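Subject: Two-chain model, handover and findings

Hello,

The structure is below, and my notes follow it. Please read them with the model open.

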Amino acid sequence: MPQPTERLLTSTDHRRLVPFLGALSLFLSTIEYLFPKPVPFFRLGLANLPLLVGLDTFNFRELALLLALKVAGQALVNGTLASYVFLFSLAGSTASFLVMVGLHRLMRRFPAVKRRSSLVSLGLAGALASNTVQILLSIQFIFGPTSLVIAPLFYGLGTGSGLAVGLLAQTFTQRSHWWKKVAYGTN
Amino acid sequence: MKLFDFVWLAMGILLTSVTAWAVASPASTQPRLEVQTDAGVWVYPLTATRTIEAPGPLGVTDVQVRAVTGKPTQVWVSDSPCKNKICIEMGKISRVGQWVACLPNHVFVRISGTPTAGGLDATAY
């Protein structure tokens, strides 16, 4: 996909795009809620999609705002806003966010890394970071060392869902004319 | 997919395999039921049918154990005060290494011990 060399959007356009993608996260959280969960507090990561596709477009503050909208939206849909399950979600999402943004910055800085990576890498890395933090929190605060039992299932499902979401994000950013127009102001 | 995509995919598979291997290492010879709550860990033999009431911050989670001669003993959560009831939806477990957890009520149910000969090494959902 030919990447635009400069952003043609104004800051106002950006401010409009962030809440739109936040709303999209809320919608995807609702879709995600329809799928049965094989493991407690496991998520498919569909709501991560707007964050993943926005990495190229937004700065850190805008991405952090999008993360906050995503976490709040998920908590509202799942009814966990006032429970400590929310803290698990917040910690997992934040870890995933920091790893994805960090790797993305690395890809920007080193073109050789960028040539050999795609959003699939970021999706997988984000999923693994989120799963690792949630397993560690579970070991520390909920079930103790017994929590390690859930780790294989968590990592297995996380790898599968991270791959699927990464492929989806990659395909979407490459093929969507709408996205190129709203994100970069190009066709 | 590009080179680093495969690297991350391999890392995910590696983490899954390593943790599965760590979990699969047996701790005891006879299969037994471990019920962990905030109050402690209870250990039961899998030879008798019983109902276990596991207390948690939300209330009591009911764990059923059904032992039938000639068949694997089945364990499942029949009732829980949690909201989403994922622990009930997880269904019945019967083999070493399988588990059911109720996160909101801090109840973790696990069958531990040495896997029986001819049994499965691992399960996938």
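Among contacts in chain B between residues at least 6 apart in sequence, 37% join residues at least 24 apart. Two residues are in contact here if their C-beta atoms, placed from the backbone, lie within 7 Å. Of the 125 residues of chain B, 32% count as buried. Buried means 20 or more other C-beta atoms within 10 Å of the residue's own; exposed means 12 or fewer; partly exposed lies in between; these C-beta atoms are also placed from the backbone.

This is a predicted model: local features need pLDDT of at least 70, side-chain atom pairs count only at pLDDT 80 or more, and totals for chains, interfaces and linings use all residues. Residues are numbered from 1 along each chain as its sequence is written, while chains are lettered from A and ligands numbered from 1 in the order in which they are written.

Chain B layout

Chain B has two helices and seven strands. Along the sequence the pattern reads α-β-β-β-β-β-α-β-β. Helices (H or I, at least four residues) and strands (E, at least two) are DSSP runs, numbered from the N terminus.

The sheet in chain B

Three strands of chain B form an open sheet in the order S3-S4-S5, with antiparallel pairing. Strands pair if DSSP finds at least two bridges between them. S3 (50–56) and S5 (74–79) of chain B are the edge strands, each with a single partner, so one side of each has no neighbour in the sheet. On average, neighbouring strands of this sheet are turned by 30° against each other, direction ignored. The axes behind that angle are lines fitted to C-alpha atoms, for helices over the stretch in contact; angles run from 0 to 180 degrees between N-to-C directions.

Now the pairings. S3(B) and S4(B) run antiparallel over seven bridges. A hairpin connects S3(B) to S4(B) through two residues. B:Gly56 stands opposite B:Gly59 in S4(B). B:Gln64 is partnered with B:Trp76 in S5(B).

B:Ala54 is worth a look. This residue lies in strand S3 of chain B. B:Ala54 counts as buried because it has 23 C-beta neighbours inside 10 Å. Leaving aside neighbours within four places in sequence, B:Ala54 is in contact with B:Val35, B:Thr37, B:Val60, B:Thr61, B:Val63 and B:Val107. B:Val41 is 13 residues away along the chain, and its C-alpha atom is separated from that of B:Ala54 by 9.9 Å.

Positive phi in chain B

Which backbone angles deserve a check? B:Lys85 has a positive phi of about 60° although it is not a glycine. B:Lys85 is in the loop between S5 and helix H2 (86–89) of chain B. With 13 other C-beta atoms within 10 Å, B:Lys85 is partly exposed. B:His106, also not a glycine, has a positive phi near 60°. Its loop runs between strand S6 (99–102) and strand S7 (107–112) of chain B. B:His106 counts as buried, with 21 C-beta neighbours inside 10 Å.

Helix H3 of chain A

H3 (residues 60–78) of chain A has 19 residues and reaches 27 Å from first C-alpha to last, close to the 27 Å expected at 1.5 Å a residue. The expected span is 1.5 Å times one less than the number of residues. Buried residues of H3(A) include A:Leu63, A:Lys70 and A:Asn78. A:Gly79 follows H3(A), with a positive phi near 70°.

Between the chains

The contact takes 31 residues from chain A and 29 residues from chain B. On the chain A side, helix H6 (119–142) and helix H7 (151–175) are the elements that give two or more residues. H7(A) has the largest share, nine residues. By class, the chain A side has 20 nonpolar, nine polar and two charged residues. Ala, Val, Leu, Ile, Met, Phe, Trp, Tyr, Cys and Pro count as nonpolar, Asp, Glu, Lys and Arg as charged, and the others, Gly among them, as polar.

Regards
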